[in-house]
Amino acid sequence: MRTEEQTSRHLLLAIVTTSLSAVLGLITIVTAWEFWAVPLMAAGCFSVWLLHIARIGSDVMYENLCAGMLLVELFFFGVHEGSLYDIPAVACIIILSLFMLNKKWILRMIDALYVLVIIYHALVFHTVSLHMELRDAFRLVLGAAVTIGGTALAEYWINQRTAQRKWYNKVFTELETAGKQNAVFLSNVSHELRTPINMVIGISEVALGKALPGDVREDMLSIKLAGKRLSNQINNMLDYTEIVKGTLTPAKEEYMITSVLNDVITMTALQSNRQHLELIFDINPKVPAVLVGDAEKISHVLKILVENAIKFTEEGGVNVCIEYRWENYGVNLIIYIHDTGIGMTDAQLEQMYEEFYQADSGSSRFAGGLGLGLPIARGLLNAMGGFIHFDSKGKQGLHAHIVIPQGVADDQPCITINHPERLCIACYFRPEKYSCDEVRGYYDGLIRNLVEGFGIKGYQAHNFDGFLKLQRTYPLTHVFIAQTEYEENTSYYEELAETLRVVVIAEREFNLENGSRLMIIHKPFSALSVANLLNGEMGERGFAEDQAAGRKPFTCVGVRALAVDDEEMNLVVAKGVLGSYGIEVDTCLSGREAVAQCGVTTYDIIFLDHMMPGFDGVETLKKIHELYNEKYRDLPVIALTANTVSGAREMFRSEGFTEFVPKPIERTVLERVLRKVLPKHCIQYTAKPTGGLLAEEVPEDDPASEFQETPAAQEAEELLEPAEAPEAAQPAAEAAIPYDRLTQAGVNTETGLRYCGGDEDFYREMLRMFYAQSGEKQAEIISLYESANWADYAVKVHALKSTSLTIGAEALSARAKELEMAGKRGDEAYIQAHHPELLRAYGELCGQLAGL
């Protein structure tokens, strides 16, 4: 692929070659030289233009062709008797044309041809001799000086340009190296900051679980929120370093765009809305239901941009709209994010693509942050093959336009309404109550997209008289009103709810009175919540079954699994977590044992550690697949690994694994994998909802409970539960685990409890096992270190990485991870420098656990 510079240079060469050939052809005809040369020159020019326009052949071939033609024409021109004193002029023209190629051999060829032509004139025409007239000799010497001087000057320019290019390349390399060193530094700093920040968050959570005076509780809550904010900034630094180092690899897996949108809605629902902004999340219902791409990265980009929009918007609102466009590779996912914030000037828009840029970077700037959000969003989008464009008109808000190419696994609409022909809805919102015209447009656009996308009858009214007219004119089934409209005439809408379904769009803190017949959708307002409500009212689910089930608890009774890991502690965790789903679990401590076990027992699924001594995960997988004439070829085999680097999923799939689950096991990830790889009849959903995209149906005789929470609000409440569950559910057992002392020892108890499913007894057992096995594990690591067996050393510190993270010892896990990487690449110097630190940290932690 030619660069723009190469294309321009080649065009100039083609023009020069053609022009010189045309002039030489004209001279040939006028002076009656050899006429056969004219068609040859024409053919040469035709070839030059054909290669240039069609871009046939390599750049070197094209440049050599042009140079060869010019040199041949120089020789042809010079071997005629009347051209002796005109040769230097033609030679200088060719020198000026060809020195841009930075090829010194061409200049030397010109000098050589000039000398050859002079010799030809002396031997054939005898125009060069010792008996030349003084004037002719002077002209000849002057021409030779001009030709040789021209080539010498061109060679000097080439040398200067080459030296300058080398200098630029050196500077660029140094800058690139400095950028990567900065990224490594940021990564190291981020890892070092994690431990104290986790300690701050952990201690504040422990304190909040105790009886505290009101003012102290508020202070501790502020400390926790500040710690969470700093923790998020640290995570951003780690994301940024991965982008700079070029290690970012997007996944290619199936996902539902509605789930991504629901995650973003949940995030905004959890944030405080001190500005009382109108947050609208719109989506074209016809977007394909299942796309192929990296859902996690798309969600991250959306969260960054939505948070940014909220941060810089004081009044009005934020609108997120998702559209699509069909392409030959699938679809372009198109996302618009509009806000009514402070906007940007043209100069600020030009600077937005700088790293660490913030529009207001002064000491009194409007909002905080490191300026990493946009670079991270751009880096993620670039990795996925997408792009982002910003537009702003002065102080009229900022508009972001995102395009991401995605594959399509299921082209059915992402949201459907059952029996749309039965529905007739009316929306009553008074536009004058909104301070910005844009917000009215946001709501109008969402309603219009829903009506057109679902194929239902829908009407709008902007005043009460118009609303009454709609009721008289159309057979309405649902009425959507804003909270303000409801509060102005409560009794009317309560009476109207006896004949129609009346839905109030309200703030999160608003609730209907007991006995009310109305329904409520809490803000943020989204197409998902409307579809949820309409489908619930029709008695059927409009989203795909899998999507609805994705947020519901389930069991896998009757499923038999084999868990393989060389660390007993990891097997206890796996057995406990999988057992909670009703799965019957067998365990093995080695790959050889697993192959033998599969020979006598039939399993529905296997969880296999990727790094084990002896038979590693890949070798064990191959042996299992070969059993009984490849009977187990289609058996789901899940890689258990602590290596969660970007691109891990693709790596494991290429090695034959069906999926992978990072260690320590996260229940949300495990559930996604179980739903994906197990047959549908093995997944048995329970009736109790867990805050999914769809609300469960409620009894007809309990109207007060109908649709009291949006999916985002339900999920928000669930997200707040795990941190409080251990203290709230079992206050008597809280004293059994000294959380404050564990936190002081550098253990993030929240992380440990989360990995143990919030089960304190299970967590206590993990702490005991970690301490009980520490002596043996330390001895193994020391033995491998002393024997310089770095491959097995990497395996053992890899195991320590996952087991320490299971109990929440994040700092120790991070140290083990660095040594594991060093062991894999055979970096003996790094291991020798940091091995004592690992043993010291390991010993100190175990000493603290012994004291507990």
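## Helix packing and salt bridges

Helix 7 (residues 214–244) packs against helix 11 (residues 373–383) at an angle of about 45°, and their axes are 10 Å apart. That angle makes helix 7 oblique to helix 11. The crossing of helix 7 and helix 11 is left-handed. These values, like the others in this report, come from a predicted model.

Which residues of helix 7 and helix 11 make the contact? Helix 7 contributes Asn 236, Asp 239, Tyr 240 and Ile 243. From helix 11 come Pro 375, Ile 376, Gly 379 and Leu 380. By type, the residues of this contact of helix 7 with helix 11 divide into five nonpolar, two polar and one charged.

The structure also holds 17 salt bridges.

| Residue pair | N to O distance | Burial |
|---|---|---|
| Glu 63 and Arg 9 | 3.2 Å | both buried |
| Asp 294 and Lys 297 | 3.0 Å | both buried |
| Asp 566 and Lys 796 | 4.0 Å | both buried |

In the salt bridge of Glu 63 with Arg 9, the side chains meet at 3.2 Å, N to O. Glu 63 belongs to helix 3 (residues 59–78) and Arg 9 to helix 1 (residues 4–30), so this pair ties together parts that are 54 residues apart in sequence. Glu 63 and Arg 9 are both buried.

The side chains of Asp 294 and Lys 297 form another salt bridge, at 3.0 Å from N to O. Asp 294 is buried, as is Lys 297.

Asp 566 pairs with Lys 796, and the closest N and O atoms of this salt bridge are 4.0 Å apart. Asp 566 sits in the loop between strand 15 (560–564) and helix 18 (568–579), while Lys 796 is in helix 28 (residues 790–806), so the pair ties together parts that are 230 residues apart in sequence. Both residues, Asp 566 and Lys 796, are buried. Elsewhere, salt bridges with shared partners join Arg 9, Glu 63 and Lys 103 into one network.

Is Thr 151 buried or exposed? Its relative accessibility is 3%, and because buried means under 20%, Thr 151 counts as buried. Leaving aside residues up to four places away in sequence, Thr 151 touches Ile 95, Leu 107, Ile 110 and Asp 111.

How values were computed: Residues numbered from 1 in each chain as written. Predicted model: local features only at pLDDT ≥ 70, side-chain atom pairs only at ≥ 80, totals over all residues. Heavy atoms only, no water. Helix = DSSP H or I, 4+ residues; strand = E, 2+ residues; numbered from the N terminus. Buried < 20%, exposed > 50% of the residue type's maximum accessible area, 1.4 Å probe, protein only. Axes fitted to C-alpha atoms, helices over the stretch in contact; angles between N-to-C directions. Parallel < 35°, antiparallel > 145°, perpendicular 65-115°, else oblique. Left-handed = near helix turned anticlockwise from the far one by under 90°. Contact = heavy atoms within 4.5 Å. Nonpolar A, V, L, I, M, F, W, Y, C, P; charged D, E, K, R; others polar.
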